[in-house]
Amino acid sequence: MFILNAAFLKRLTDIAIILAVSAAIAFVIIASGNSLVAKTTIAKSYAMWWSFVTRPDIVVTTILAVIVTMAVGHYNASGRR
């Protein structure tokens with residue numbers, strides 16, 4: 001059985017927070033763009049945002065970017081030889 005240690009759980013929490021903030025920023029961009037250009041409702045903006053953030057290519061790309069960024073930060077913090 002896999003037991004989560006504190007460091008691994010902290011990394012998962014960091015990834016979840018980063019993904020949530022990225023999704024919120026994407027929503028603000030989509031909603032503000034729709035309100036300025038298309039004069040659509042917030043429900044239409046939400047539907048457009050939801051269809052964007054649930055696309056598999058967007059999900060995988062975002063997770064990969066977060067993991068690579070965290071790995072580089074960890075590598076730099078641990079000190080290079």
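This is a predicted model: local features need pLDDT of at least 70, side-chain atom pairs count only at pLDDT 80 or more; totals for chains, interfaces and linings use all residues.
Visitor: Which element gives the largest share of the lining of the largest pocket?
Guide: The elements that give two or more residues to the lining are helix H1 (6–37), helix H2 (42–53) and helix H3 (56–78). Among the lining residues are Leu19, Ala20, Ser22, Ala23 and Ala26. The largest share is five residues, and these come from H1.

Visitor: How many charged residues does the lining of the largest pocket have?
Guide: Take the lining by class. Nine residues are nonpolar. Two are polar. Ser22 and Thr62 are in the lining, and Ser and Thr count as polar.

Visitor: In what order do the elements of the chain run from the N terminus on?
Guide: The chain has three helices. It has zero strands. From the N terminus on, the order is α-α-α.

Visitor: Is the chain more spread out or less spread out than a compact globule?
Guide: For 81 residues, the globule rule gives 12 Å. The radius of gyration of the chain is 17 Å, well over that value, so the chain is more spread out than a compact globule. The C-alpha atoms fill a box of roughly 55 × 35 × 20 Å along the principal axes.

Visitor: What percentage of the 81 residues count as buried?
Guide: Buried means under 20% relative accessible area. The chain exposes about 6400 Å². Carbon and sulfur atoms supply 74% of that area. Of the 81 residues, the buried share is 10%.

Definitions and conventions:
Residues are numbered from 1 along each chain as its sequence is written. Side-chain values use heavy atoms; hydrogens and water are left out. On a 1 Å grid over the protein atoms alone, a cavity is a set of points where a 1.4 Å probe fits but cannot get out, and a pocket is an open set with protein on both sides within 12 Å along at least five of seven lines; lining residues have an atom within 4 Å of a point. Helices (H or I, at least four residues) and strands (E, at least two) are DSSP runs, numbered from the N terminus. The radius of gyration is taken over C-alpha atoms; the globule rule is 2.2 Å times the number of residues to the power 0.38. Buried means under 20% relative accessible area, exposed over 50%, partly exposed in between (1.4 Å probe, protein chains only). Accessible areas come from the Shrake-Rupley method with a 1.4 Å probe; for residues, only the protein chains shown count as cover.
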